[in-house]
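User: Could you walk me through the aromatic contacts here, setting each label against its cut-off?
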Amino acid sequence: MTRLATGVLITLLVALAGIADGSRDIAGDILKLPSEAYRFFHNGGGGAKVNDGDDSVGTRWAVLLAGSNGFWNYRHQADICHAYQLLRKGGLKDENIIVFMYDDIAFSEENPRPGVIINHPHGDDVYKGVPKDYTGEDVTVENFFAVILGNKTALTGGSGKVVDSGPNDHIFIFYSDHGGPGVLGMPTSRYIYADELIDVLKKKHASGNYKSLVFYLEACESGSIFEGLLPEGLNIYATTASNAEESSWGTYCPGEIPGPPPEYSTCLGDLYSIAWMEDSDIHNLRTETLHQQYELVKTRTASYNSYGSHVMQYGDIDLSKNNLFTYLGTNPANDNYTFVDENSFRPASKAVNQRDADLLHFWDKYRKAAEGTPKKAEAQKQFFEAMSHRMHVDHSIKLIGKLLFGIEKGPEILNTVRPAGQPLVDDWGCLKSLVRTFESHCGALSQYGMKHMRSLANICNTGIGKEKMAEASAQACENIPSGPWSSLDKGFSA
């Protein structure tokens with residue numbers, strides 16, 4: 001295994017060196033790593049009707065959640081801080097904006113600008129003034145759901161702010177982090193599962209305490225959160241960074257044009273997120289509809305045949321006729337900047353698969369560090385640990401599939417993708433049980449391992465239960481690796 005890991009490291013360092021050095025050959029246009037998705041199709045779209053109405057009745061509410069921690073995930077908290085600044089300039093009050101972020105980035109020893117977070121290579125500080133509603137260990141699934149439902153009694157820690165909305169109010173939710181089929185990451189304990197989130201949204205609708213709700217979701221396989229699960233009739237409109245079976249992408253990363261300032265070794269933003277926010281930053285949002293922004297973001301996020309993802313929409317599509325002003329407000333400084341279909345934003349020269357952004361960070365740190373220094377040794381160690389975890393999880397899942405279904409049938413079952421319109425799994429309780437069973441024997445899935453949620457769901461869909469899964473997991477994993485990515489110190493993912 002050590003010889004294999006060393007060989008993989010050398011191969012990856014060569015590939016990453018080409019990116020960090022800015023080479024421009026075809027093979028160097030994107031980060032070529034094992035988890036990369038190459039499927040890309042261009043979807044056509046129709047025009048959008050502009051709604052000139054000014055719906056000033058009710059209050060605008062916003063919930064912003066960054067679901068990660070660690071400096072290699074800088075971009076997620078940067079996305080959320082940027083969204084906060086945009087909403088404040090749009091006229092929303094702090095009392096109506098609830099922010100979830102681990103808050104370990106701004107003052108990290110790795111941050112070249114202490115106390116400052118940027119979301120664009122030439123951007124201003126987006127961290128200043130951001131409320132610390134739910135930080136650190138208070139960024140939990142339970143608190144997130146309680147905030148949406150306006151249930152103060154269910155909160156643990158934090159500022160106590162919730163969406164205390166009424167029947168004429170409009171709600172905007174923005175989430176940015178890693179994801180996988182049917183799940184969204186969190187920096188603490190368990191993940192957000194699609195069935196639970198949809199149940200919370202249904203409860204919020206049943207309470208009658210909003211007029212409409214818009215959900216923007218940045219994560220890999222983010223379409224799987226709503227695919228076959230979010231019904232019409234809840235007055236909810238959702239868009240996602242990707243469909244149910246592909247990655248989303250980081251941007252403003254080392255080696256890109258434009259890339260981050262040279263002192264940064266991490267991606268500054270996510271492609272879908274910066275697309276909708278940079279559009280909103282410059283336009284009079286009274287003149288732009290949700291549908292117009294959806295089309296613009298879809299085009300920018302699907303930039304090239306070599307990278308990009310399919311931005312999707314779900315729920316009550318008719319709501320997309322509403323102006324963005326209804327949810328985001330608008331910056332008075334943009335009153336003279338009416339939305340136009342063709343905008344001046346140019347796509348980046350490259351993009352990084354969300355699941356590979358941590359590797360790029362560790363490699364860039366290694367490349368920049370002086371020979372023989374503790375910083376160089378630490379970066380190399382982090383790279384090895386991440387790669388070792390990836391190989392362990394990939395191998396374990398594949399072996400479990402073969403043990404359960406046979407050498408030929410196993411890969412076929414694990415990789416099955418259900419037709420569009422169907423949810424990931426029939427029994428969500430089974431999926432969560434199999435996740436806990438796998439992690440009990442093989443260690444944490446972590447942010448990379450979320451990609452295998454579809455395989456675990458497919459095992460459930462064949463009727464395999466906890467007992468057989470436990471037997472196969474015990475055979476596949478003799479012990480839990482000692483590395484940080486496999487640690488269960490923070491609990492199970494389900």
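User: What makes F100 and F144 count as buried or exposed?

Analyst: Both F100 and F144 are buried, where buried means under 20% relative accessible area, exposed over 50% and partly exposed in between, with a 1.4 Å probe and protein chains only. F100 has a relative accessible area of 0%, so F100 falls under the 20% limit. This is a predicted model, in which local features need pLDDT of at least 70, side-chain atom pairs count only at pLDDT 80 or more, and totals for chains, interfaces and linings use all residues. Residues are numbered from 1 along each chain as its sequence is written, and side-chain values use heavy atoms, leaving out hydrogens and water.

User: What is the geometry of F100 and F144?

Analyst: F100 and F144 are 5.9 Å apart centre to centre, with 85 degrees between the planes, which makes the pair edge-to-face.

User: What makes R60 a charge over a ring?

Analyst: The rule asks for NZ of Lys or CZ of Arg within 6 Å of the ring centre and within 35 degrees of the ring normal. R60 lies over the face of F325, at 4.3 Å from the ring centre. Likewise, K376 lies over the face of Y366, at 4.1 Å.

Note on methods: Rings of Phe, Tyr and Trp (its six-membered ring) pair if their centres lie within 6.5 Å; planes under 30 degrees apart count as stacked, over 60 as edge-to-face and the rest as tilted.
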